[in-house]
Amino acid sequence: MALTAAATSPEKRKTKMLLRYFVLGLLFLTVIAPIVLYTDRFATFKDSSSRSEFLEDVTALTLPGDSRHLNVLPQESSTILKEPIGIVYTDNSTTSSSATVASSNVENNDLQLGNEKDHKSARVLSTTDEQDQSQADNVIKQVTYNADQKGSRRDGAEQEDQNELQKSSGNEVEQQSASTLKKIDENDSTLLKNDKRTNQISPPDARVRELKDQLIRAKVYLSLPIAKSNPHFARELRLRQKEVQRVLGDATKDSDLPKNAFEKLKAMDQILAKGRQLVDDCAAAVKKLRAMLHSTEEQLRVHRKQNLFLTQLTAKTLPKGLHCFPLRLTTEYYALNSSEQDFPHKEKLEDPRLYHYALFSDNVLAATVVVNSTATHAKDASKHVFHIVTDRLNYAAMRMWFLRNPPGKATIEVQSIDELTWLNASYSPVLKQLGSPSMIDYYFRAHRGNSDPNLKYRNPKYLSILNHLRFYLPEIFPKLNKVLFLDDDVVVRKDLTGLWSLDLKGNVNGAVETCGESFHRFDRYLNFSNPLISKNFNPRACGWAYGMNIFDLEEWKKQNITKIYHNWQKLNHDRTLWKLGTLPPGLITFWKRIYPLDRSWHVLGLGYNPSVSHRDIERAAVIHYNGNLKPWLEIGIPKYRNYWTKHVDYDHMYMRECNINP
């Protein structure tokens with residue numbers, strides 16, 4: 001046994017040695033030999049004569065199964081070539097071994113071939129003469145050289161060698177390729193400019209629109225007989241339709257789309273192309289599209305009407321907090337002693353030397369903002385007097401609030417409309433009309449309301465005489481010369497005392513005109529098909545704004561404006577001259593009696609227009625939330641709400657108890 005072990009030991013050692021040599025040989029072949037060969041090739045490549053031979057070999061290089069030669073992409077310079085940009089496409093036609101080179105006169109639309117990912121323009125290169133062929137060969141050499149040059153640029157230590165190689169290259173290549181490259185550069189620059197111009201013009205939601213159009217076309221194809229006769233096509237189309245719907249989601253612009261949106265768009269294009277091939281007659285598709293268009297327009301009309309109705313309903317509804325607020329104030333007011341229910345400084349109420357404001361409102365919170373914002377910006381609040389007239393329901397709450405929260409040194413007066421005993425149905429035609437059965441029927445019959453296109457005129461606020469008190473200012477303030485009328489949905493941002501010193505030049509009403517807005521012209525408010533209107537007024541006449549108006553009460557009395565108002569109200573007893581509201585009769589009553597104020601005095605639209613300029617708001621003396629989107633409602637425009645809420649004390653006890661928050 002010992003002899004056998006001794007005999008086999010040398011054999012094992014010999015086998016191990018052979019394995020070691022084999023491993024070392026493999027290591028040499030796979031690691032060391034490539035390094036040596038690469039170093040030798042690099043040294044050979046640096047030699048100019050060897051490099052020329054290598055480049056000539058490259059030009060003749062062909063790949064198995066493809067006899068096409070390299071094509072040259074347009075470059076940016078004739079001396080320093082950069083990496084090719086985009087993808088090179090060649091003609092599909094059978095060609096010889098000669099390379100195809102681009103002509104400089106190729107049309108832009110021929111060059112702009114689509115790419116599935118980046119839409120870069122492809123270049124189709126072609127030529128027929130031998131001179132261009134030699135130029136192409138030289139350019140190929142330079143491109144090959146430049147590719148190696150860019151590879152060496154990755155290593156910063158070899159930068160100097162690269163510069164030496166560039167300087168040592170012959171000028172012959174540059175001279176031969178200069179003319180060709182110059183033409184290609186001009187063509188390429190034109191393409192780049194066109195691409196940039198296209199990118200600038202294309203809207204940010206172009207792809208979103210295209211996806212939506214695809215869904216419409218898919219719906220049309222699925223509704224046609226071809227979908228039933230080709231179940232495979234219909235199944236694939238439904239699949240693509242679901243994919244596009246999933247990709248589209250709630251996206252409104254291209255940046256909202258996922259990364260795979262373009263792939264889904266291309267896939268849908270392919271299946272829609274199949275649909276176009278299957279449909280021989282387009283008449284059925286056109287008929288279906290027209291039916292869909294008609295149906296969509298009808299649905300849009302219905303939804304718009306519903307939206308208008310719901311918006312009007314929301315605007316008319318009193319929020320729970322604003323209902324709670326006056327109830328708490330009313331309870332506390334009637335708990336006061338009679339001596340505590342009076343306001344101070346009664347002697348100022350009829351002093352014509354002071355600045356008097358008229359405010360007619362049944363909204364305690366809104367009236368508070370008007371008074372507080374005006375008094376805050378007044379230079380001398382002690383000279384400002386606020387006259388508030390409200391209805392019987394809110395009288396106690398309005399008085400209680402201002403008794404406990406007086407506007408600084410300003411004087412306040414709160415009256416009930418019931419105290420104006422001279423205002424009755426026998427004196428005021430509008431008061432008689434507001435109580436008529438036909439008027440009540442007009443407002444409270446729901447089926448008629450739904451059929452009325454002018455829902456905004458059916459707002460029950462027009463049933464309140466408070467809305468018409470603006471036509472009785474001389475009767476309400478018989479001892480005053482001028483009064484500034486303010487709506488309860490305005491916010492004052494500057495001192496208004498300058499309005500009392502304005503010379504109205506014989507006019508009665510100082511107001512901001514609204515000539516720039518077509519919907520504020522006379523023909524939008526008055527019925528010019530009626531001869532009484534068409535004979536007396538111009539349909540394109542410039543309207544003006546209620547909400548902040550300085551009235552000269554002396555001129556009012558001289559021109560007997562109240563009588564003019566009464567006469568027109570009697571003529572409109574059947575509402576054929578205008579719908580209800582105060583602006584239409586105001587346009588008629590003060591026709592040619594308006595003194596135009598600078599637009600900065602009164603900025604409109606914060607209750608319906610989200611595009612009011614921030615610059616106009618900052619310059620404005622008064623901003624007006626006219627429209628349905630009042631700032632005390634949840635539907636108010638958020639970016640305008642802060643101008644109003646900063647004049648409300650939300651920390652007040654009653655505000656917190658009634659859950660009134662900004």
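A disulfide is a pair of cysteine sulfur atoms within 2.5 Å. In general terms, a disulfide is a covalent bond between the sulfur atoms of two cysteines.

Before we look, some ground rules. This is a predicted model, where local features need pLDDT of at least 70, side-chain atom pairs count only at pLDDT 80 or more, and totals for chains, interfaces and linings use all residues. Residues are numbered from 1 along each chain as its sequence is written, and side-chain values use heavy atoms, with hydrogens and water left out.

Take Cys 324 and Cys 658. Their sulfur atoms sit 2.1 Å apart. The S-S bond has -65 degrees about it, a left-handed link.

Buried or exposed? Buried means under 20% relative accessible area, exposed over 50%, partly exposed in between, using a 1.4 Å probe and protein chains only. Cys 658 is buried, at 6%. Cys 324 is partly exposed, at 23%.

Now Cys 515 and Cys 542. Their S to S distance is 1.8 Å. The torsion is about -110 degrees, so this disulfide is left-handed. Cys 515 is in the loop between strand S6 (509-511) and helix H19 (531-536). Cys 542 is in the loop between H19 and strand S7 (548-552). They are 27 residues apart.

Last, the pairing. Number the bonded cysteines in sequence order, and you get 1-4, 2-3.

Technical notes
Helix = DSSP H or I, 4+ residues; strand = E, 2+ residues; numbered from the N terminus.
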